[in-house]
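Student: Could you walk me through a pocket and a helix pair in this one? I have the sequence and the model open.

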Amino acid sequence: MTTIVPTGAARLLQGGPIAAEIRVAVAEDVATFAARHGRPPGLAVVIIGRDAPSAVYLEQILRGCAKVGIEARFAELEGEATEAAVVERIQQLNGDPTVDGVIVQMPLPHSIRLRSVIDAIDPAKDIDGIHPLNAGLLRLGYDGFLPATAHAAVEILRRSEIEIAGKDAVVIGRSAVVGMPAAFLLVKEDATVTVCHSRTTDLAAHVSKADIVVVAAGRPGLVTGSMLKAGAVVVDVGINVVDGHLVGDVDFETAREVAGAITPVPGGVGPLTNALLLTHLVRAAQRQHPTGSNP
Ligand code: NAD
């Protein structure tokens with residue numbers, strides 16, 4: 001067992017100021033694109049039924065777009081829409097030259113298969129990196145569109161000047177949208193990465209050896225201070241509502257006594273995720289409409 005020497009209060013890695021910096025740069029890129037092409041970059045958010053839990057998050061994305069001059073709109077389908085209707089709507093958006101990026105509200109209703117939806121998105125417009133082509137590019141270390149949350153989990157380390165190369169990292173969670181892409185990104189940054197998940201037998205043993213811990217499990221209080229190596233850097237991706245409060249997957253109060261640096265929830269990875277999604281959209285617009293081409 002590692003002896004844990006409390007380091008006192010950890011450095012807080014706040015996403016808000018980094019996100020604000022990113023948004024300033026995005027707004028400039030949006031203005032340049034609009035001047036060249038006669039329209040701002042456009043985002044379509046496919047939303048199936050207004051009462052889904054992610055609707056609030058999607059409204060936030062729309063507001064974030066409006067702030068930087070991106071034209072964003074909901075492409076709404078009713079809650080009972082068939083898989084074929086959803087796929088057809090996505091194909092229409094793929095063919096719309098004023099739509100540069102498409103994201104789809106998750107989770108999908110049970111009657112609609114995820115695979116059919118992700119396959120339908122044009123990889124060039126897949127700004128949240130869910131299409132198999134973009135997932136494959138990430139796996140191979142090439143430049144595609146990254147899932148914004150995984151991107152944010154690693155970008156917050158980079159922008160906070162935390163050394164990643166050569167470090168032992170543990171990612172908790174192996175989902176296709178967060179855990180696995182975060183693990184691949186950390187490998188790309190030259191970390192030595194262990195992926196833990198719901199069937200990992202001794203989570204604490206893995207976590208206690210890690211210099212960097214990225215937690216994306218959706219389980220409040222999963223990681224506590226007593227599990228951490230002194231000085232570890234903790235990135236809490238989890239978003240949970242407990243007693244009406246937003247909390248992460250890390251027991252913040254105990255973890256901050258041991259960690260060297262930690263992202264708060266809210267205010268850590270979340271704001272950065274939204275800002276990075278905007279950068280992906282602008283990049284999609286620029287790639288599809290290089291300077292000199294028609295709108
Ligand atoms: P998911 O449910 O698809 O995957 C959860 C993963 O955690 C699984 O791989 C599972 O094996 C693992 N896991 C569950 N219980 C575990 C345990 N006890 N020990 C070890 N591993 C365990 O969830 P997801 O979509 O990957 O999201 C993960 C978390 O990130 C959720 O809290 C979600 O709300 C949050 N999230 C945050 C953002 C953001 O912007 N910050 C964006 C998307 C998701």
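**A pocket and a helix pair**

Tutor: The second largest pocket has a volume of about 210 Å³. A pocket is an open set of points on a 1 Å grid over the protein atoms alone, where a 1.4 Å probe fits, with protein on both sides within 12 Å along at least five of seven lines. Volume is the space filled by probe spheres set on the points, joined across faces, edges and corners. This is a predicted model: local features need pLDDT of at least 70 and side-chain atom pairs 80 or more, while totals for chains, interfaces and linings use all residues. Residues are numbered from 1 along each chain, and side-chain values use heavy atoms, without hydrogens and water.

Student: Which element gives the most to the lining of the second largest pocket?

Tutor: Lining residues have an atom within 4 Å of a point. Helices are DSSP runs (H or I, at least four residues), numbered from the N terminus. With three residues, the top giver is α10.

Student: How are α2 and α10 set to each other, parallel or oblique?

Tutor: α2 (residues 55–68) packs on α10 at about 55°, with the axes 10 Å apart. Axes are lines fitted to C-alpha atoms over the stretch in contact, and angles run from 0 to 180 degrees between N-to-C directions. Under 35 degrees is roughly parallel, over 145 roughly antiparallel, 65 to 115 roughly perpendicular and the rest oblique. Therefore α2 and α10 are oblique.

How values were computed:
Helix = DSSP H or I, 4+ residues; strand = E, 2+ residues; numbered from the N terminus.
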